[in-house]
Amino acid sequence: MTRTDVNEYGEFGLIEHLTRDFPLRQPSTLRGVGDDAAVVLNGPLATVVSTDMLVEGIHFDLAYTPLKHLGYKSVVVNLSDICAMNAIPRQITVSIALSNRFSVEALDELYDGIRTACRHYGVDLVGGDTTSSPRGLIISVTAIGAVEPDRLVYRSGARAGDLICITGDLGGAYLGLQLLEREKRIWQENPDVQPEFDNQQYIIGRQLKPEARTDMIEAFRKADLQPTAMIDISDGLASEIFHICKQSRVGALIEESGVPIHPDSQMQALHFKLDPITCALSGGEDYELLFTIDPKDVDKVKYLPDIYIAGEILDAKDGVKLNTKGGNLHELKAQGWKHF
Ligand code: ADP
Ligand code: MG
């Protein structure tokens, strides 16, 4: 028997490996593994389902993450995957595994955050599971959404010539995390020092209280805009554009000057001696949307707020490239988070 380390596969390779021999047998399964959410035909509508698991010590650190924010965020990251299919989220289930370190009061805080998210996004909590863990907290949320089948948007629909669009701004959540990590280290060395978060509300908010862009899905409907491909930006722009390119069998050119970065993120990146574009490309957890549109729809996008055109889809043979502000062409590298 050989023993292969999971690190040899990486996150995406491991998923491909584990799910390789599961042919879809149900005609109602429109899409299985491989997109932001699965799609199941359900009468006149398509049901969209997505699950994400958050593990203490890997996805969150309770030293600086208030439980209420954790509850809110664990819902948002799942609603974001529903949005990435161009669907409207409607229900969630929440499963938790916890050690006896957590009191009822602590769990009430977690559920306060979950409740706030349910109210804000108009989704219903409809079930879940509760079990114990030897240590630490694990939260798994499943989100269910709905959309007319002809409005579904997959990662696989981008065509050469399509325009690449990004909502909101990128890199802020990563910089917020760097700041929180730094203050944690300082605090560990000297517990009397109070953290310094002056003027850092924006990036800390991006890390601790992200939002799912359900507003964009509604705006697309109102503008009668049908993106050709879409993915949510959970692992950084570089990783996500690679997913679209791989599944659409295309290449891409990203213009650095078109990638939206908030001034507070710019400032904090320079403060940490990081290149802001690197934070946008390789940072994670912004939960904005990356989507492509047919160029004939460019006017529909122009009049929508908070959407930025950041490049163009190319033929597969042209690869995935970044055109820097200085006019240099860089080959982008595919990368996901290494959790193992
Ligand atoms: P996202 O970052 O959008 O949440 P992931 O990279 O986690 O997406 O997952 C990619 C695809 O692989 C999704 O379709 C997801 O449902 C599927 N997937 C992930 N892990 C597993 C697993 N252990 N078994 C089956 N499918 C999985
Ligand atoms: Mg996703």
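This is a predicted model: local features need pLDDT of at least 70, side-chain atom pairs count only at pLDDT 80 or more; totals for chains, interfaces and linings use all residues.
- Aspartate 36 and aspartate 232 link distant parts of the chain, as they are 196 residues apart.
- Aspartate 36 sits in the loop between β1 (29-31) and β2 (38-42), while aspartate 232 belongs to strand β8 (residues 229-233).
- Both aspartate 36 and aspartate 232 are buried, that is, under 20% relative accessible area.

**Ligand 1**

- The residues that surround ligand 1 are Phe12, Ile15, Thr19, Val33, Gly34, Asp35, Asp36, Asp52, Asp81, Arg155 and Ser234.
- This shell divides into three nonpolar, three polar and five charged residues.
- Glycine 34 has a backbone N or O atom 2.7 Å from an oxygen atom of ligand 1, and for aspartate 35 a backbone N or O atom lies 3.2 Å from an oxygen atom of the ligand.
- Aspartate 52 uses its side chain instead: a polar atom there lies 3.4 Å from an oxygen atom of ligand 1.
- On its own, ligand 1 has 560 Å² of accessible area, and the protein covers 63% of it.

- Strand β10 (residues 288-293) is largely enclosed by the rest of the structure, because six of its six residues are buried.
- Both faces of the strand are covered, with Glu288, Leu290 and Thr292 on one side and Leu289, Phe291 and Ile293 on the other.
- Strand β7 (residues 163-167) pairs with β10 in the antiparallel sense over four bridges.
- β8, the strand that holds aspartate 232, also pairs with β10 in the antiparallel sense, over five bridges.
- Phenylalanine 291 of β10 is the bridge partner of cysteine 165, and methionine 230 stands opposite phenylalanine 291 as well.

**Helix α6**

- Which residues of helix α6 (residues 214-222) are buried? They are Thr214, Met216, Ile217, Ala219 and Phe220.
- In an α-helix there are 3.6 residues a turn, so residues three or four places apart point the same way.
- Aspartate 224 follows α6 and has a positive phi, near 55 degrees.

Conventions: Residues are numbered from 1 along each chain as its sequence is written. Chains are lettered from A and ligands numbered from 1 in the order in which they are written. Side-chain values use heavy atoms; hydrogens and water are left out. A residue is near a molecule or strand if one of its heavy atoms lies within 4 Å of it. A polar contact is a pair of N or O atoms within 3.5 Å; within protein, one must be able to donate a hydrogen and the other to accept it, and residues adjacent in sequence count only if both atoms are side-chain atoms. Accessible areas come from the Shrake-Rupley method with a 1.4 Å probe; for residues, only the protein chains shown count as cover. Ala, Val, Leu, Ile, Met, Phe, Trp, Tyr, Cys and Pro count as nonpolar, Asp, Glu, Lys and Arg as charged, and the others, Gly among them, as polar. Helices (H or I, at least four residues) and strands (E, at least two) are DSSP runs, numbered from the N terminus. Buried means under 20% relative accessible area, exposed over 50%, partly exposed in between (1.4 Å probe, protein chains only). Two strands pair if DSSP finds at least two bridges between them.
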